[in-house]
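Subject: Structure for you to look at

Hello,

Here is the structure I said I would pass on. Please open it first and then read the notes below it.

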Amino acid sequence: MSPKNTEAYIAADVKNVWHHLTLHQGRAPMIAVEGKGLRIKDINGREYLDATSGGVWCVNVGYGREEIADAACAQMKKMAYYAASGGNLPAIDFSEKLLGHMPGLSRVYISSSGSEANEKAYKMVRLRAHNSGNGEKRKILFRYRDYHGTTIGALSSTGQPERKECFGPFVPGFVEIPHACCYRCAFGKSYPGCNLECARAIEGIIQNEGPDTVGGIIFEPVTAGGGVIPPVKEYYTIAAGICKKYDVVFIMDEVVCGMGRTGVMFAYQHYGVVPDIVTMAKGVASAYMPISCTVTRETIFDSLQDAGDRLAYFRDISTFGGCAAAAAAALENIRIIERENLLKNVTAMGEHLLAGLRENLAHPNVGDVRGKGLLAGIEFVQDKKSKTPLPEEKVMAICGEAAARGVLFGRTNRSFPGFNNVVNIAPAYVATRADVDIMLATLRQSIASVLG
Ligand SMILES: Cc1ncc(COP(=O)(O)O)c(C=O)c1O
């Protein structure tokens with residue numbers, strides 16, 4: 001390797017690079033240098049099967065996609081950038097193609113990260129309130145356990161206390177609602193005899209806050225980093241009905257699930273609802289380029305046009321939302337998903353993965369297995385009766401053991417006091433049955449090695 005040798009690179013990493021989410025302990029992290037499909041090689045030549053799609057569920061079509069690199073490269077050579085107040089050809093083609101997968105939605109606002117896409121949605125809710133003549137209708141509800149990003153607005157609307165610790169004060173006007181995890185029902189009930197209290201509670205919260213003050217609600221369709229929680233099938237129909245009744249903008253944060261992760265293009269499509277605003281990021285260009293979108297219904301778009309006030313239109317900009325090469329990469333990414341019929345593979349391999357994970361339920365420390373498509377989680381407990389969570393260190397040890405055996409898994413990472421007990425698995429959409437079998441076998445061996 002040039003110009004530095006391996007040791008020099010590692011030393012320079014430790015000295016100069018500040019890694020995300022990582023307590024600096026003077027140890028180099030895994031430094032990935034190449035990848036193909038689901039497999040990556042680190043700086044020491046060690047190979048891993050990556051069951052995390054790049055650590056944070058984004059390299060969805062797999063590593064080594066020359067088509068995406070070529071599309072971005074050709075665009076950069078021809079026309080790299082012009083601000084998104086103007087246009088570029090790949091953004092036009094990409095937006096048209098994207099909307100083809102989103103019946104009922106009609107406008108694509110491009111920016112560059114998931115947090116930013118959500119911030120745009122919040123600004124839209126606030127401007128809509130202003131333009132409607134009631135500027136107070138701007139509170140936004142968010143769900144306990146959902147994550148919406150790292151910027152202060154997005155973090156203010158995140159239901160993960162450990163993520164927020166030390167970073168306050170937060171933005172006023174965000175209100176937490178209960179989670180939708182049946183395994184730990186917030187209402188002490190069990191589905192289907194629960195009357196969907198978790199969804200119905202939203203109405204009471206809106207009434208308590210004052211319907212004239214609540215402008216929006218944001219959900220992760222399947223809570224991802226918060227422990228992989230797909231709500232039951234009626235949940236969003238009830239939530240959407242409440243939104244309609246109280247004129248509350250229904251926002252779906254598809255930053256993780258969007259672009260096929262759960263086996264349909266957008267996870268809300270499993271639930272038969274059409275949100276008012278959909279945000280997406282990670283899978284938009286499978287992380288080959290940074291690009292995110294805030295997609296709206298025409299009614300939202302209309303409400304954010306000039307309302308007779310010189311400044312009351314959506315005056316917002318994102319410098320990198322104008323990167324033509326990112327749009328070119330995103331266009332190629334969707335084409336790959338379509339051409340290779342990857343949603344079908346996500347569904348088939350997702351079922352195989354979930355069925356295999358469920359076999360672990362026989363283990364005394366495996367409390368629950370959840371998932372949809374190629375997004376799965378396995379919740380560890382000290383004992384099944386009390387459901388006391390397994391300590392975070394043990395869950396880390398399981399992932400560490402798996403990594404030592406050559407498979408990378410994810411886990412809830414310092415998100416909830418005492419509840420960082422879910423290992424998650426979200427491989428690229430090109431995973432084969434053999435790949436999934438390796439993941440399952442490695443997880444089983446790692447559990448046995450750490451927990452007996
Ligand atoms: C559901 C969800 N929304 C938003 C974000 C924030 O995205 P970004 O890190 O691109 O800002 C994330 C990131 O993990 C996420 O999981």
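The side chains of E379 and R184 meet in a salt bridge, with N and O 2.6 Å apart. This pair links distant parts of the chain: E379 is in strand β12, R184 is in the loop between β6 (174-177) and α8 (197-209), and 195 residues separate them. Both E379 and R184 are buried. Please keep in mind throughout that this is a predicted model.

**The two domains**

Where they meet, 40 residues of domain 1 are in contact with 39 residues of domain 2. About 3100 Å² of area is buried between domain 1 and domain 2, and carbon and sulfur atoms give 60% of that area. On the side of domain 1, the residues that lose the most area to domain 2 are W57, K372 and F416, which together account for 21% of what that side buries.

How many salt bridges are counted between domain 1 and domain 2? The count is one. R184 and E379 form a salt bridge in which the closest N and O atoms are 2.6 Å apart. As for polar contacts, 19 residue pairs are found across the interface of domain 1 and domain 2, with both residues at pLDDT 80 or more.

Several elements give two or more residues to the side of domain 1 that touches domain 2: α2 (53-57), α12 (342-358), β11 (366-372), β12 (375-380) and β15 (422-425). The largest share of that side, five residues, comes from β11. Sorted by class, the side of domain 1 that touches domain 2 has 20 nonpolar, 14 polar and six charged residues.

**Other salt bridges**

By the rule used here, the salt bridges come to 25. Two further pairs can be set side by side.

- R370 and D368 form a salt bridge, and their closest N and O atoms are 2.8 Å apart. R370 has a relative accessible area of 8%, so R370 is buried. D368 counts as buried because its relative accessibility is 17%.
- E401 and R405 form a salt bridge, and their closest N and O atoms are 3.1 Å apart. E401 is partly exposed because its relative accessible area is 24%. R405 has a relative accessible area of 38%, so R405 is partly exposed too.

There is also a network: salt bridges that share partners join R65, E67, E332, R335, R339 and E340.

D276 is in the loop between β8 and β9. Is D276 buried or exposed? D276 is buried, because its relative accessible area is 17% and the cut-off for buried is under 20%. The side chain of D276 reaches the backbone nitrogen of F250 at 2.8 Å. Neighbours within four places in sequence aside, D276 is in contact with L105, V248, V249, F250, V295, T296, R297 and I300.

V264 is placed in the loop between β8 (249-253) and β9 (277-280). V264 has a relative accessibility of 22%, so V264 counts as partly exposed. Which residues does V264 touch, not counting residues up to four places away in sequence? V264 touches Q269, H270 and L343. V264 and E96 are 168 residues apart along the chain, and their C-alpha atoms are separated by 18 Å.

K41 lies in strand β2, residues 39-42. K41 counts as partly exposed because its relative accessibility is 29%. With neighbours within four places in sequence left aside, K41 is in contact with I31, A32, V33, E34, R46 and E47. Between K41 and M30 there are 9.5 Å in space, C-alpha to C-alpha, and the two are eleven residues apart in sequence.

If you want one place to begin, find E379 and R184, the buried pair that meets in a salt bridge.

Regards

Conventions
Residues are numbered from 1 along each chain as its sequence is written. This is a predicted model: local features need pLDDT of at least 70, side-chain atom pairs count only at pLDDT 80 or more; totals for chains, interfaces and linings use all residues. Side-chain values use heavy atoms; hydrogens and water are left out. Contact means heavy atoms within 4.5 Å. Buried area is the accessible area (1.4 Å probe) that two parts lose on being put together, summed over both. A salt bridge is a side-chain nitrogen of Lys or Arg within 4 Å of a carboxyl oxygen of Asp or Glu. A polar contact is a pair of N or O atoms within 3.5 Å; within protein, one must be able to donate a hydrogen and the other to accept it, and residues adjacent in sequence count only if both atoms are side-chain atoms. Helices (H or I, at least four residues) and strands (E, at least two) are DSSP runs, numbered from the N terminus. Ala, Val, Leu, Ile, Met, Phe, Trp, Tyr, Cys and Pro count as nonpolar, Asp, Glu, Lys and Arg as charged, and the others, Gly among them, as polar. Buried means under 20% relative accessible area, exposed over 50%, partly exposed in between (1.4 Å probe, protein chains only).
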